Amino acid sequence: MNVYAKIIVDVPTGGTDRPFDYYLPEELARAAERGMRVLVPFGQRKLTGFIVDIVSETSVEKVKNVSELLDIKPVLNEELLRLGAWLAKETICFQITALQAMIPAAMRTKAVKKLAVTSEREQLPMNVQALFGQAHELAWAKVPKDARILRDIRTAIAQRQVTERFEVKGQAAPKKVKAVMLLSREGNTPDTTKQQETLAYLAEHYGPSPVAVQTLMQQADVSRSVVHTLVKRGFLQETELVIDRNPYTAVEGDGSEEKATLTADQSHVLTQVEEKMAHSQATPMLLHGVTGSGKTEIYLQAIDQVIREGQEAIVLVPEISLTPQMVGRFKRRFGANVAVLHSALSVGERFDEWKKIQEQNVQVAVGARSAVFAPFTNLGLIVIDEEHESTYKQEEHPRYHAREVALWRSEYHSCPVLMGSATPSMESYARAAKGVYRLLSLPERINEKPLPAIEVADMRKEMREGNRSVFSTSLLDKLRDRIEKEEQAVLFLNRRGFSTFVMCRNCGYVGMCPHCEISLTYHRRDRQLKCHYCGHEEGVYERCPACESEHIRYFGTGTQRVEEELQQLLPEARIIRMDNDTTRQKGAHERLLKQFGRGEAEILLGTQMIAKGLDFPNITLAGVLAADTLLHLPDFRAQERTFQLLTQVSGRAGRDEKAGEVIIQSYTPEHYAIELARAHDYLSFFKKELGQRKQAGYPPYFYLTLITFAHPTFETAMKAGKHAAAVLRTRLGDDAIVLGPTPSPIARIKDRYRCQCMIKYKDEPALTDLLHDLFTYYQKELQQDQRFMTIDRNPSMF
Ligand code: ADP
Ligand code: ZN
Ligand code: ZN
């Protein structure tokens, strides 16, 4: 009987998005499984692909052979294959893009995969043993081409005798350290007691297995020279040991930390979560609790229960809050039972961590967005911390939101999803208010510690009184005071988004679109103010339309300039700056935070990367330099983001014994986002903002889809946009509102002009199919002409 594989091939472009049929030669057919990666001939090239099905018939006449299996066991299980198909459909992307998004980067290439022995090779079956060559040498072997021994290798992996590793050229070569192992010592005796003790220690603790020289020196308390002598005299054999490359392995934590005794509020919340877990209910739960109210403690205790049930848990955290501090908390509680997935890890490190999950060596995965694809097979809980964070949305294909993927997986596994936040997203809180999500809350901080007092500095007033600096008088006074008291302060400057808005520094007036409730963006090229949603334009003004003042400014100030100014104003201050420039190097982020933690500076100045996760007892002041830059981004979520950010920054101050203070500098202090953040009043903000959203037709009342066109000439990009808008209007009729085309907020990227259409709709009529039609049409017909189209459902504008 013939066996064929249906394979999704990694073809980067092209109009077709379907599996291709290939013949599986007999020795491959025996080992092939759905979800494995393969190498196949495609045109003149050999490309990688995924087996999505294995069948006994094909209608293709001249079917080619699969060249090679790249995996020993499938990298995508049945669940992930299904999830991939769903992802491609929902986010409108190629299937190959969706499948590749679910595996570590190392596996998206033809990178050489190797096998390493982890225990005594004498126990391995002969054919597997043969792969590794001579005994007494920790060897590496390439994955064999002959698939016949794959089953034996799989067994060896299952018994943890062999492990898979990736050797990625140029980076992240597996880390090997010098090691020694015991040799037979017949006919010889060591010189000194120290040498005897060392050998006895090895025999007792390691037997014939290798141990890293460093480890041995520490554990047996011997010097390097003793070890050397033993090697020279033939008692020990030098060898190498492959070690984990994860930088978080250095994060201490042995799983011995005791649980806290929960408060009454916490117990109430935990009981509800555990009840859903016990009944295997795929209930989404939203935990609304101020910073410091004990949400993380609840995650930890719920996960503890998951582990005891023999199940697994995924914990999603925003990229930037995945600090060693945060990881440390999980390691102290669960020790080596935790894998950490983070984009700051090298390709090889990520692979090692992912492997722990795939080989079922751990039950907990903590990671950023893509950790939602962790290949667990028996999930008991998915936690999403800071669920409102925009980093949960991927801004490249597949443009998925981790929350939606988590909800899909929770249905598949019949397990609850627990989403926590001090400032839930409008969408989630609206769903909770309607009863679609179960609402849980922790209204108070642990130990009734008060929330910090927030003062809003009116920068219009400062300017009128002659203060032209970026710093209000009040903030400067308080900074001086902190330096004197040897306490610390964090200063936050938002540098998000690329567009500039125009504001009157005298009265705080900002130009808004009369149709969209969106601030207008200044375009230098034609000196126009434009709305990026509907295309409305007006000329720039020389005088403020509200107060006639000439103090009109474009906003956007760099962190470096602010640092210089601050240093001039406070010559005695020691300042650490954290932004994209100072944290480009690997590990720089942690290093700077450590320096600050050790008290090597009084002031930490930075961009959004310092807004969360910071937990230093000596911080008693937090300042937001220009709250308005975020408030006036041309984004319907600008108010929501501002409220969230101000709340988060406030959470940085006064976490310990000393009380905290917060200063927010603003040109529009009366704005509800600023006023309600000052009052720590999430519910009022939610209600007010919900009203605005309803009026202007934004989520959660309307869904949005953004379609962007790009081309080297502006006219062609706009022409494609007009064509698509016309097709959409005809086919959607009254079901949806189609806006645009209009230039994108970033009007040109990499020499391509960009324009966009926005679709607003209440429910999803025929939209998914229509978008797929458009996608296919543009990929096929227009890409030859360097046109590009991307579709983003539920876009996060910045
Ligand atoms: P959140 O995640 O809401 O910010 P955390 O779980 O981090 O809150 O709790 C804030 C602080 O209070 C942490 O230092 C934590 O260890 C401590 N904590 C949490 N729950 C309790 C409890 N029940 N008893 C004592 N301390 C607690
Ligand atoms: Zn004005
Ligand atoms: Zn508009």
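This is a dialogue on reading a predicted model of one chain and its ligand surroundings.

Trainee: How many helices and strands are there in the chain?

Mentor: The chain has 24 helices and 33 strands. It has 798 residues, of which 43% count as buried.

Trainee: What share of the contacts comes from residues 24 or more positions apart?

Mentor: Among contacts with a separation of 6 or more, 74% join residues 24 or more positions apart.

Trainee: How are two packed helices described?

Mentor: Two numbers are used: the angle between the helix axes and the distance between those axes. Take helix α6 (residues 193-205) and helix α8 (residues 224-232), which pack at an angle of about 80° with their axes 10 Å apart. Angles of 65 to 115 degrees count as roughly perpendicular, so α6 is roughly perpendicular to α8.

Trainee: Which residues of α6 and α8 meet?

Mentor: From α6 come K194, Q195 and T198, and they meet V226, T229 and L230 of α8. Sorted by class, this contact has two nonpolar, three polar and one charged residues.

Trainee: At what angle do α14 and α22 pack?

Mentor: Helix α14 (residues 426-433) and helix α22 (residues 682-696) pack at about 100°, and their axes are 11 Å apart. They are therefore roughly perpendicular to each other. On the α14 side are M426, Y429 and A430, which meet F686, E689, L690 and R693 of α22. The classes here are five nonpolar, no polar and two charged residues.

Trainee: Now the ligand. Which residues come nearest to ligand 1?

Mentor: There are 14 residues around ligand 1, and A260, G294, K295, T296 and E297 come nearest. Helix α10 (residues 295-308) gives the most to this shell, with three residues. By class, the shell has three nonpolar, nine polar and two charged residues.

Trainee: Which residues does UniProt list as "binding site"?

Mentor: An unreviewed UniProt entry gives that annotation to C513, C516, C531 and C534. These residues are spread over 22 residues of sequence but cluster in space, with a largest C-alpha distance of 8.7 Å. The unreviewed entry also lists C504, C507, C544 and C547 under "binding site". Those are spread over 44 residues of sequence, yet they too cluster in space, and their largest C-alpha distance is 8.6 Å.

Trainee: Is C513 buried or exposed?

Mentor: Burial is read by counting C-beta atoms within 10 Å, and 20 or more others make a residue buried. C513 has 21 others in that range, so C513 is buried. Its place is in the loop between β21 (502-504) and β22 (521-523). Leaving out residues up to four places away in sequence, C513 touches I518, L520, C531, Y533, C534 and H536.

Trainee: Where does C531 lie?

Mentor: C531 lies in the loop between β23 (528-530) and β24 (537-539). Because 23 C-beta neighbours are inside 10 Å, C531 counts as buried. With the same exclusion of residues up to four places away in sequence, C531 touches C513, C516, I518, L520 and H536.

Trainee: What does the count say about C544?

Mentor: C544 has 20 C-beta neighbours inside 10 Å and so counts as buried. C544 is found in the loop between β24 and β25 (552-554). Beyond residues up to four places away in sequence, C544 touches C504, N506, C507, Y509, S549 and I552.

Trainee: And where is C547?

Mentor: C547 also lies in the loop between β24 and β25. With 13 other C-beta atoms within 10 Å, C547 is partly exposed. Not counting residues up to four places away in sequence, C547 touches C504, N506, C507 and Y509.

Trainee: Which residues does a cis peptide bond join, and what is omega?

Mentor: A cis bond joins H397 and P398, with omega about -10°. P398 is found in the loop between β16 (379-385) and α13 (402-413). The peptide bond from P699 to P700 is also cis, with omega near 5°. P700 lies in the loop between α22 and β30 (703-711).

Trainee: What is phi of S280?

Mentor: S280 has a positive phi of about 50° although it is not a glycine. S280 lies in the loop between α9 (264-278) and β12 (284-289), and S280 is exposed, with 12 other C-beta atoms within 10 Å. E486, likewise not a glycine, has a positive phi near 55°. E486 is found in the loop between α16 (473-485) and β20 (488-492).

Conventions
Residues are numbered from 1 along each chain as its sequence is written. Chains are lettered from A and ligands numbered from 1 in the order in which they are written. This is a predicted model: local features need pLDDT of at least 70, side-chain atom pairs count only at pLDDT 80 or more; totals for chains, interfaces and linings use all residues. Axes are lines fitted to C-alpha atoms, for helices over the stretch in contact, and angles run from 0 to 180 degrees between N-to-C directions. Helices (H or I, at least four residues) and strands (E, at least two) are DSSP runs, numbered from the N terminus. Angles under 35 degrees count as roughly parallel, over 145 as roughly antiparallel, 65 to 115 as roughly perpendicular and the rest as oblique. Two residues are in contact if their C-beta atoms, placed from the backbone, lie within 7 Å. Ala, Val, Leu, Ile, Met, Phe, Trp, Tyr, Cys and Pro count as nonpolar, Asp, Glu, Lys and Arg as charged, and the others, Gly among them, as polar. A residue is near a molecule or strand if its C-beta atom, placed from the backbone, lies within 6 Å of it. UniProt positions are given in the numbering used here, feature names are shortened, and annotations may be inferred rather than shown by experiment.
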